[in-house]
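Biologist: I am new to this structure. Could you show me how to read a few of its features?

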Amino acid sequence: MSYGFTSGFAKDLEDMIALKAIFGFSEATYLDRAKDFDRHCSSGHPDADRVTEPIVISWLKAGMSKADGTVHRKAAFARAFGRYQRSTGKDAYVISEMFTAGKSIFVPYIFSDDELKGLFHEIDLYEKAGRELEAALLSTYFRLTYTCGLRPNEGRLLKRSEVDLGSGEVRIVNTKWHKSRSIVMSEDMRAVVRSYAAMRDASFPENGYFFPRPDGSPYTAAWMGGKFRKFFARSKKDEPSELLPPVRVYDLRHRFATANLSRWLDRGIDIHSRLPYLQAYMGHKELAATAYYIHLLPENLVRSSGIDWDSMNRLVPEVELWER
């Protein structure tokens, strides 16, 4: 039976549904999602005939504005289809069952260079009458989160005593997994932080938080996230708001990790020997959490580089994929 599939996956989609029917499943179990996947691939991946991670992630992103249940079902279909293609001998990507294990689903969004430039341009344009400190705070907070690969809460709840403006050392204390670590800012970032700190000290000379709000308490994660999404939307003025991806402050941390990995690959550096350093810098509990970022890099980059994929794939199933 023909279902009208038009992508490079047409035959495999038809064969999988036929196989499921032989085993007693109704074709309706997969058909709607198969058609949606086929339409997505026909328009966005016309030459593809093998499931890859970028294809799956882009398809899931297309439904992120819908209910979590929709994305759960799409992920389940992508997993089943990937397994089917593997059974036929294709090197297909199979999305981990951990992907939808939690109550919320987060898909990392990796900003391009141009997107990152546009985003920070809008952040730096922010003005609010009588709130000059707020503008400087936002510019500094988002830059520190990105350039140091911080978890959003690590920067948001940072204490004044944990930042050494002289050495540039930032002490992340008792964070996730109840671990602490020290990182060092770049010279450029240190200059930005010093400038902001001078403004902050004039308004809050005694406050213990590095990024205090007017009442002296730290800003909430919801407030920071709302500002971040508005800045991103302003940087995409030419795109319909309903088509914009649901970005999060955490995506700056994802970008930090993938940017470092890409730079090492470009320079021909042994990426396996560097992963433990990145793991320590980012505060990951397991090396698998760091190794997972390799799978978010452009496929043509990683496939053409000297990566021991057998070793990487043994690590990845252990990772807490979308840590918060």
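Modeller: Happy to! Let's begin with Arg 181, which is part of strand S2 (residues 181-184); strands are DSSP runs of E, at least two residues long, and helices are runs of H or I, at least four, numbered from the N terminus. This is a predicted model, where local features need pLDDT of at least 70, side-chain atom pairs count only at pLDDT 80 or more, and totals for chains, interfaces and linings use all residues. Residues are numbered from 1 along each chain as its sequence is written, and side-chain values use heavy atoms, leaving out hydrogens and water.

Biologist: Is Arg 181 buried or exposed?

Modeller: Buried means under 20% relative accessible area, exposed over 50%, and partly exposed in between (1.4 Å probe, protein chains only). Arg 181 is buried because its relative accessible area is 8%.

Biologist: Which backbone oxygen does the side chain of Arg 181 reach at 2.7 Å?

Modeller: That of Tyr 281. The Arg 181 side chain also reaches the backbone oxygen of Met 282, at 3.5 Å.

Biologist: How do I read a pair of packed helices?

Modeller: Such a pair is described by the angle between the two axes and the distance between them. Here, H6 (residues 132-147) and H10 (residues 250-266) pack at about 40°, their axes 7 Å apart.

Biologist: Which residues of H6 and H10 make the contact?

Modeller: With contact meaning heavy atoms within 4.5 Å, H6 brings Phe 142, Thr 145, Tyr 146 and Thr 147, while H10 brings Leu 252, Arg 255, Phe 256 and Ala 259.

Biologist: And Helix H1?

Modeller: The buried residues of H1 are Ala 10, Asp 12, Leu 13, Met 16 and Ile 17. Just after H1, Gly 24 has a positive phi of about 100°.

Notes. Polar contact = N/O pair within 3.5 Å; in protein donor to acceptor, adjacent residues only side chain to side chain. Axes fitted to C-alpha atoms, helices over the stretch in contact; angles between N-to-C directions.
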